[in-house]
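Hi,

Here is the structure I promised to send over.

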Amino acid sequence: MTASAWMILALFALALLGVLTARSAAGRILVYGGSVVVCAGFIATGFLALTGPVERLVLPLGLPWIGTNLRLDALSGFFLALIGVGGAGASLFAVGYGRHEAHPERVLPFYPAFLAAMALVVLADDAFTFLFAWELMSLTSWALVKAHHGEPDNAQAGFVYLIMATFSGMALLLGFGLLAGTEGGYAFDVMRQAPPGTLAATVVLLAALVGAGSKAGLVPLHVWLPLAHPAAPSHVSALMSGVMTKVAIYGFIRIVFDLLGPNQWWAGTVVLALGGITAVLGVLHALMERDLKRLLAYSTVENIGIVFIGLGLALAFRATGFEAGAALALTAALFHALNHTLFKSLLFFGAGSVLSATGSRDMETMGGLIHRMPRTAGAFLVGCAAISALPPLNGFASEWLTFQAVLLHPELPQWGLKLMIPVDGAALALAAALAAACFVRAFGIVFLGRPRSDAAAQAREADPWSLIAMVGFAVLCLLAGIVPAAVLDSIAPVARAMTGSRMPVQLDNLWLTIAPVEASRSSYNGLLVFIFIGGSMLITIGAVHRFASRGVQRGPAWDCGFPDPTPLSQYSAGSFSQPLRRVFGTVLFRARDTVDMPAPGDNRAAGIVRRIADPIWDFFYAPLGRGVGWIADHANVLQFLTIRRYLGFVFGALVVLLLALTVWQ
Amino acid sequence: MAMIWPLAAQLVQMTVILVLSPLLTGLVRKVKARLQRRRGASVWQPYRDLRRLLGKEAIVADNASWLFRGAPYFVFAATWVAAALIPTFAANLMFSWSGDLIAITALLGSARFALALAGMDIGTSFGGIGASREMMIASLAEPAMLMIVFSVAIIAGSTQLSTIAEYMLNGQVGLRVSLALALVALLIVALAENGRIPVDNPATHLELTMVHEAMVLEYSGRHLAMIELAAALKLMLYLAMIACVFFPVGMSGTPGQIGPDTIGGAAWLVKMAVGGVALGVAETAVAKMRVFRVPNFLGAALMLGLLGVLLLFVSRGM
């Protein structure tokens, strides 16, 4: 425990060092290299805390009568290790990638502070420390989002992010206020011992959904995420998408599963509904997107939806007294959260390498990068396959586990759950299939085909440090996919602490098979599937080359006899998604393709105009913004009153409060 | 020694399904030709095609990457592994527990992912159109397939195909609404996944609505042979899956015993032949759809599957 406190302090020291040495190359290597070391420490501490005893530490800082309470239990340990993994990868990537940064002094000081704030959130053991760290995390990441504030749209991204972050902080403040009760017990231990009444618990649940959900990117509170995550430098995007959203999930689990005590069954229904909508809407948005980093950000929204489906199932099962099921669902959610950290960080690293090689995030200007950036392409391909839930990689293992949780218990007494769970299963299946389409499109347009611009034709391979980070994460994706049993067994203490039960021990199964309930019910062996595919592939290649034919002749592309001379006639990102836009987008996004054909005699070029509307923005945020503007306009008169009238208002407010108090008692 | 018989049974299953799958394709073609009053090629023609393609050198476009050359082998390997997990003559084969129905669906998804990427590798418009439409079809067919898996899994209490087959074999299932819905949905999905009429036409090149053929247009020689073989395997896989889940009659419960295995094998061959003839008749009887009618067709499968699952969540007896 003391060690983690020192590590956080070391990160703040690195932030200070960043201020002093930002402009030199040595500063970059020192700050990012130091972050790698500290993050390795987080991994070790977090991993040990999974099985070790609960540790506490009280520092004489913060509010005078509370102090700063820190606590390291299994849940904190898991998320601390997750922060360590994501942070170590991003820092390692940044050792090389950071050299492309035009203004390192805007990134280096905030980067270690951001890491420290996230670690502090998961260690906090009282409401004040938690909220302080939460807000610090928001502010440092906001500063990193604004690092490139000169680029178009980034100013707006920062603005929207700041508003949503403030809103999220306010919601959490309300939630903790209700949990603390009238005596003001701000320490988490006090909250655990005095669970609130039904009404207060409902409000706290909603506050946690709004506060943590908006940080995680739950629809309809996700609007800031696809704006802010891509605006930051790529290694920070990886941290925000891969790690910060998980810290938000930690916040949700800590409040709803731990502090709030037993829950009602309908809480599961609400979380399941939001999770399902988030998963499908996120991936549909990603499919329509042509900005590579924004595509990845929307896909983060999708994966958060999948995690929340798991959490919703866990809440539903826990409320109905089915603890083993709750443990399975929670384990699936946490496993998917970890997997998402791995492959989303990897994909953002790849996007960053592509961005620095071609100078663009627009997929329509890329193509053929597999020839000029073969190693980046290989690692990116692993990430794409993992996020599309393809066996034998890790994304499939965790989605398979979530499916098993969906199928676990059809005999629930509540009608809301009876209907919501299968619908969520369908949403999950749809999201997985659409994700595969989305990432075929992303990889195919960016890395395959012929280059669509000169910049893409002259791209250079990424530097060795970035490549180490990418290849390392690709290997981790594969490892977590073929030995999921080891990961599941490490998560077991967290599930026991949160649900009172755990999955059966997986490492005892034959040949590293995972069997969530029992082997006759369902089992999956990633290792064997990997060996079978690899083995039969090698045997086939060997046999074909030995006994059939070996020769290869190169020639121009056949293309049905009509090879097209210009790369612009290739399928583009827009044309790839056209069928899906037509199937899913016509109603949901009011997607319209109109042909703009000039009249005869007009020399203007003809074109096709594509329109996509975001229903959440149009029907929720735009009216909300207009409403706030209207109120602000009309409240403006209050700014220019005389002192006599202000005193009148004060008197009026006092009278109303006293009256309210009289009525209350 | 105890390992030998189960291992042999598993190897026999893998070999049989690989060796017989071109024959099934040949049979379907023969049936279609006879129904169109043509004599048609021999049922052995697919084998001759494969031998011819394997013997030729591969012609690869100038700008093809390693992915283009590796993908056919991966597609073949993933499909073969998926096919090996389906019980044919006997349930409970040695490695049947290494993947359940969800894993089989996802393995086919892996193969499709690789093939769609290979289609985009050269940078031709045909490759792009094929990949794009394939993923559009898959984005509806895969969830529909998973809904079918859900229905069957809830009834049998397992996603393991062997357990499901044994449960169905016991005969305590009876007639159920959800199973009927799942069967209809599975037939639609099987047609779409294998690129059969009315979704795609396997018999034609150079049609503007082609999907699978457009993706593999640039392939030749041994690469094309691998892809053709994988397609034949996939057709057999789906027929075997339908047979295993809905008509497991005759299947042996414990592999490695000569008597029951022979009966199971014979029953399976009859089932495959009946399935092949039925597919040929069905393909002759209906016309191909416009591409943008396909989502409605597959959406129906998805909704039928979801309806079946909802019924089961409402009442286990439905």
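In chain B, 81% of the contacts with a separation of 6 or more are between residues 24 or more positions apart. Please keep in mind that this is a predicted model.

On the fold of chain B: it has 11 helices and 1 strand, and along the sequence these follow the pattern α-α-β-α-α-α-α-α-α-α-α-α. The C-alpha trace of chain B spans about 55 × 50 × 45 Å along its principal axes. The radius of gyration of chain B is 19 Å, which agrees with a compact globule, because 318 residues packed that way would have a value near 20 Å. Of those 318 residues in chain B, 61% are buried.

Now to where the two chains meet. Chain B puts 75 residues into the contact and chain A puts in 73 residues. On the side of chain B that touches chain A, the elements giving two or more residues include helix H2 (45-55), strand E1 (58-61), helix H3 (66-84) and helix H5 (125-156) of chain B. H5(B) supplies the largest share of that side, with 18 residues. By class, the side of chain B that touches chain A has 46 nonpolar, 19 polar and 10 charged residues.

The strand is worth a look too. E1(B) runs parallel to strand E3 (residues 552-555) of chain A, and 4 bridges join them. In one of these pairings, A:Gly555 has B:Ala61 in E1(B) as its bridge partner.

Happy browsing, and do write back with any thoughts!

Best wishes

Notes:
Residues are numbered from 1 along each chain as its sequence is written. Chains are lettered from A and ligands numbered from 1 in the order in which they are written. This is a predicted model: local features need pLDDT of at least 70, side-chain atom pairs count only at pLDDT 80 or more; totals for chains, interfaces and linings use all residues. Two residues are in contact if their C-beta atoms, placed from the backbone, lie within 7 Å. Ala, Val, Leu, Ile, Met, Phe, Trp, Tyr, Cys and Pro count as nonpolar, Asp, Glu, Lys and Arg as charged, and the others, Gly among them, as polar. Two strands pair if DSSP finds at least two bridges between them. The radius of gyration is taken over C-alpha atoms; the globule rule is 2.2 Å times the number of residues to the power 0.38. A residue is buried if 20 or more other C-beta atoms lie within 10 Å of its own, exposed if 12 or fewer, and partly exposed in between; C-beta atoms are placed from the backbone.
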